[in-house]
Number of protein chains: 2
Amino acid sequence: MMLRTDESTTTLLTSSKLASLRKKMQEQTLDAMIITHLPNIRWLTNFSGSNAVLILTAEQSWLITDGRYSEQVKTEVEHAEPFITSDGYIEELRAGKFLSQGSSSVKPCRTGVQGDKLSYTAFQALKEALPGAELVPLISFCDAFIAVKDADELSRMKQAVAITDKVFDKLLDMISPDVTEREVAAEISYWNKRFGGEKDAFDPIVASGERGALPHARPSNEKIRNNSLVVIDMGCVVGGYCSDQTRTVAVGKISDEAKKIYNLVLEAHLLGIRSAKPEMTGKELDGIVREFFAAHGYGEAFGHSLGHSIGIEVHQSPIIGRKSETNIPAGSVITIEPGLYLAGKFGVRIEDMVYVTNDGATPLPSAPKQLIEL
Amino acid sequence: MMLRTDESTTTLLTSSKLASLRKKMQEQTLDAMIITHLPNIRWLTNFSGSNAVLILTAEQSWLITDGRYSEQVKTEVEHAEPFITSDGYIEELRAGKFLSQGSSSVKPCRTGVQGDKLSYTAFQALKEALPGAELVPLISFCDAFIAVKDADELSRMKQAVAITDKVFDKLLDMISPDVTEREVAAEISYWNKRFGGEKDAFDPIVASGERGALPHARPSNEKIRNNSLVVIDMGCVVGGYCSDQTRTVAVGKISDEAKKIYNLVLEAHLLGIRSAKPEMTGKELDGIVREFFAAHGYGEAFGHSLGHSIGIEVHQSPIIGRKSETNIPAGSVITIEPGLYLAGKFGVRIEDMVYVTNDGATPLPSAPKQLIEL
């Protein structure tokens, strides 16, 4: 079944986001672009389903999905003409849809694809389906545009952070040596939705005692340790946009070493926020905090990147890490999340989302960061 | 940093699953195989992190991941030697690790890759990094093995279904026109963890009234409709393995049409279970139920596949759908989930997981399926 929009809606088949991509298409002399990465499609069209491909030409845009979404596309899709098929987009292209002279005036020579978001097998199938086209594999095609948030996107992310803060308050009432890590995680998932989030932005991390030294620990059925630290990393989704925040709190009396490490991580976190400037590379910003830890003798205990851009996906480009040569643009939202992990003892991570502008970087309003002792 | 296991653990670097893959490698005269699909890696090695690649030769197996997991690999990884790097596996291969004469006795000519689970860009980078190798892109390399469950896998899935049933009981106590779809979804996510699941197997679907006609609706902030049906599709994860179950319940008095459709879907569901036999194709089984609906005049209202295999991933091969030529093997667990969707009115879907054996198909013990009226 093919859903054609009315003539009257034709003017909606563009947006400033699409215009940016079309400009880039023009610069690269592309006649068409095939977007296969779902979060990019959501960013461009608002479609939230689990199967879609977006095909762009200079004038047209089609969102191709399957029959499960034939109702949803009617209310959700913006700036693209929905097309329902059970055959998949490659078969439709093979049959001459979209990019042949049949349904469009454009007969493309050069068709861009997301080389890093398309399987090798799909690339080969596309090549076979479009023998007349020159397929141009491109990397990070949408990334630079996606990193910069508009007012609406920023507002959704602020709402998501506000929910995360309310959830954190709820947790402070219930974290104790009487509950398990997974029970805390259950509260996070519950309140994320009860406070208005669509869902968890990622599986929450609740890691107590020596499990806190595993940066990506999954919540276990073990009780929260007394006289130790617990790392809580969580986020939710509002209007498709994520929050991501980490706090480390003390339960009972903690050692002087734990307090010292906490304060060192907090200092590093604030240093990261102060240092964040537009047009720095991810590597430069990461390096400032990494050197700080190294100068205090804890270089080895900081095993991950300082942060990452965030939006529809939790982890977006630019990554704020050792190897990232990508600039952090003004208008982006990034996380600053230094952590120190002492194997067999405990871990500390403190993370905020910050909005990077030409005036510096501001954390989205968030929970307090001084050590909380429960 | 490289983590080398002791000599004494070398004998653990295989398993019956790895043996099956190595036999297939031999049949295809492959000297090495690079597994890039995370759920396949979890299936083979038990590693649950978010970044990993598994490299297999006839005698060796390496699990390559990054520093976030340097502790986790020690307790979690089976049948492979963990290797930590911040450079990524392609750079390590370029530097001569694993597949050159340096760290292994094998100098491969033919190296298999998962063509459908590797991006075009990564494939090209690999080709460049391994100029001496012939890269062989393979499709569905692990699928046939993964579809057949062993006793341990079946036991985890039964535990997951048992939790889903307990969650369903909780929902029956709280579903009413006073609560929103999202509040019901919050309970699902909460009880999934409280009853011992690791997390939701997928975002729960709670779709009331005419929203039930959207097969993949996301839970909204609208209240559950009175005198209508609500579709609840949910699952959890135990030991990495998923459950997936759908029930449709009536809230208040529902129309005769709704009752008729409910009973038709139930009949179709039971027909699907009765008809499932090993070595049928997905298409054959799907066709039996599709014809049943068509014979009752509702062919158009069944817009998705009848089901799918399930395990570490919710949707695995074989798919039980119109185009699936893949056989359903004895020992597989599949879902049977017919549904009818009347746009603007309501939807009904009933889904169980069934274990397919040579003696027929048995649902994993599950919640009752007669219409429940709340």
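How many residues does helix α1 of chain A have, and how far does this helix reach from its first C-alpha to its last? Helix α1 (residues 16–27) of chain A has twelve residues and reaches 17 Å between those two atoms, close to the 16 Å expected at 1.5 Å a residue. The model described here is predicted. After α1(A) comes A:T29, whose phi is positive, near 45°.

**The two chains**

In the contact between the chains, 40 residues of chain A meet 40 residues of chain B. On the side of chain A that touches chain B, the elements that give two or more residues are α5 (120–129) and α8 (181–194) of chain A. The largest share of this side, eight residues, comes from α8(A). By class, the residues of the side of chain A that touches chain B divide into 13 nonpolar, 14 polar and 13 charged.

The same surface serves both copies, as 100% of the contact residues of chain A recur in chain B.

**Domains of chain A**

Chain A is divided into domain 1 (7–141) and domain 2 (147–363). The centres of these two domains of chain A, taken over C-alpha atoms, are separated by 35 Å. Five residues from domain 1 of chain A and four residues from domain 2 of chain A make up the contact. The side of domain 1 of chain A that touches domain 2 of chain A has two nonpolar, two polar and one charged residues.

**Sheet and hairpin in chain B**

Chain B holds an open sheet of six strands in the order β4-β3-β2-β1-β5-β6, with mixed pairing. Which strands stand at the edges of this sheet? They are β4 (81–84) and β6 (134–138) of chain B; each has a single partner strand, so one side of each is left without a neighbour in the sheet. Direction ignored, neighbouring strands of this sheet are turned by 25° against each other on average.

Within the sheet, strand β1 (residues 32–35) of chain B pairs with strand β2 (residues 53–57) of chain B in the antiparallel sense over four bridges. Here B:I35 stands opposite B:L54 in β2(B). Helix α1 (residues 16–27) of chain B lies across β1, β2, β3 (61–65) and β5 (110–114) of chain B, and runs at about 60° to β2(B).

Another antiparallel pair in chain B is formed by strand β17 (residues 352–357) and strand β18 (residues 360–363), joined by four bridges. These two strands, β17(B) and β18(B), form a hairpin with two residues between them. B:V356 has B:A361 in β18(B) as its bridge partner.

**Backbone angles**

Most residues other than glycine have a negative phi, and most peptide bonds are trans. A:H79 is not a glycine, yet has a positive phi of about 65°. A:H79 is placed in the loop between α3 (72–76) and β4 (81–84) of chain A.

Each chain also has a cis peptide bond, listed here.

| Peptide bond | Form | Omega |
|---|---|---|
| A:S317 to A:P318 | cis | near -5° |
| B:S317 to B:P318 | cis | near 0° |

A:P318 lies in strand β14 (residues 316–320) of chain A, and B:P318 is placed in strand β13 (residues 316–320) of chain B.

How values were computed: Residues are numbered from 1 along each chain as its sequence is written. Chains are lettered from A and ligands numbered from 1 in the order in which they are written. This is a predicted model: local features need pLDDT of at least 70, side-chain atom pairs count only at pLDDT 80 or more; totals for chains, interfaces and linings use all residues. The expected span of a helix is 1.5 Å times one less than its number of residues. Two residues are in contact if their C-beta atoms, placed from the backbone, lie within 7 Å. Ala, Val, Leu, Ile, Met, Phe, Trp, Tyr, Cys and Pro count as nonpolar, Asp, Glu, Lys and Arg as charged, and the others, Gly among them, as polar. Domain bounds come from an automatic or database domain assignment. Two strands pair if DSSP finds at least two bridges between them. Axes are lines fitted to C-alpha atoms, for helices over the stretch in contact, and angles run from 0 to 180 degrees between N-to-C directions.
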